[in-house]
Amino acid sequence: MISARLVPAPYASGEQGQLSASEQADLATCEAALDNLRLAFAAAGKALQVIRDARLYRNTHDTFEAYVEQRWGMGKSQAYRLVEAWPLAERLSPIGERLTESHVRELLPFAGRHGQDAAATVYQAVAEADGIRVTASVLHDVVGILPADYFDPAEAASQ
């Protein structure tokens, strides 16, 4: 886990051409920090579910909602979105190295209707499609063209 203290202070480089060894190290540190952000939502959602389900907030707060608001400055809707998203994010993480919370949010309703395996099939088909970058908008469009009442993996992959 990269903390903000480990990320270098912003600076402007007057250099041209290839990165210096120091700049390459700075880039690696900054990219590791961004990876933390990309993956943190799933860990946060899982942690919130444990806290909620086991009532680990009960020494200091009467309700989970009060706990997340007062302890983390987080609205209950955001807390519940994270709790809802983490299982699908965990299921999709081996497929997509650039998985984001917005990707998962777009697939959650589809996973609710057809299951996590179906959502993973859709995500993998998009991730493996030549010339297509996985974005929340692309996933929204793909899910929108699939039949709502049934799921056929071969049909989904071809579409």
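Trainee: Which helix holds Glu 155?

Mentor: Glu 155 lies in helix H7, residues 153-158, where a helix is a DSSP run of H or I with at least four residues, a strand is a run of E with at least two, and the numbering of both starts from the N terminus. This is a predicted model, in which local features need pLDDT of at least 70 and side-chain atom pairs count only at pLDDT 80 or more, while totals for chains, interfaces and linings use all residues. Residues are numbered from 1 along each chain as its sequence is written, and side-chain values use heavy atoms, with hydrogens and water left out.

Trainee: Why is Glu 155 called partly exposed?

Mentor: The term rests on relative accessible area, with buried meaning under 20%, exposed over 50% and partly exposed in between, for a 1.4 Å probe and protein chains only. Glu 155 has a value of 25%, and therefore it counts as partly exposed. Leaving out residues up to four places away in sequence, Glu 155 touches Pro 147 and Tyr 150, a contact being heavy atoms within 4.5 Å.

Trainee: How do you know that the length of H1 agrees with its number of residues?

Mentor: The expected span is 1.5 Å times one less than the number of residues. For the 33 residues of H1 this gives 48 Å, and the end C-alpha atoms are 48 Å apart, so the two values agree. H1 also has a kink of about 40 degrees centred on Leu 39, the bend at a residue being the angle between axes fitted to the seven residues ending there and the seven starting there.

Trainee: What describes the packing of H1 with H3?

Mentor: Two packed helices are described by the angle between their axes and the distance between the axes. The axes of H1 (residues 21-53) and H3 (residues 76-92) come within 7 Å and cross at roughly 120 degrees. The contact includes Phe 41, Ala 42 and Leu 48 of H1 and Tyr 80, Leu 82 and Trp 86 of H3. By class, this contact has 10 nonpolar, 2 polar and 3 charged residues, where Ala, Val, Leu, Ile, Met, Phe, Trp, Tyr, Cys and Pro count as nonpolar, Asp, Glu, Lys and Arg as charged, and the others, Gly among them, as polar.

Trainee: Why is Arg 55 called partly exposed?

Mentor: Arg 55 has a relative accessible area of 42%, and so it counts as partly exposed. Arg 55 is in the loop between H1 and H2, and its phi is near 55 degrees, a positive value in a residue other than glycine.

Conventions: Axes are lines fitted to C-alpha atoms, for helices over the stretch in contact, and angles run from 0 to 180 degrees between N-to-C directions.
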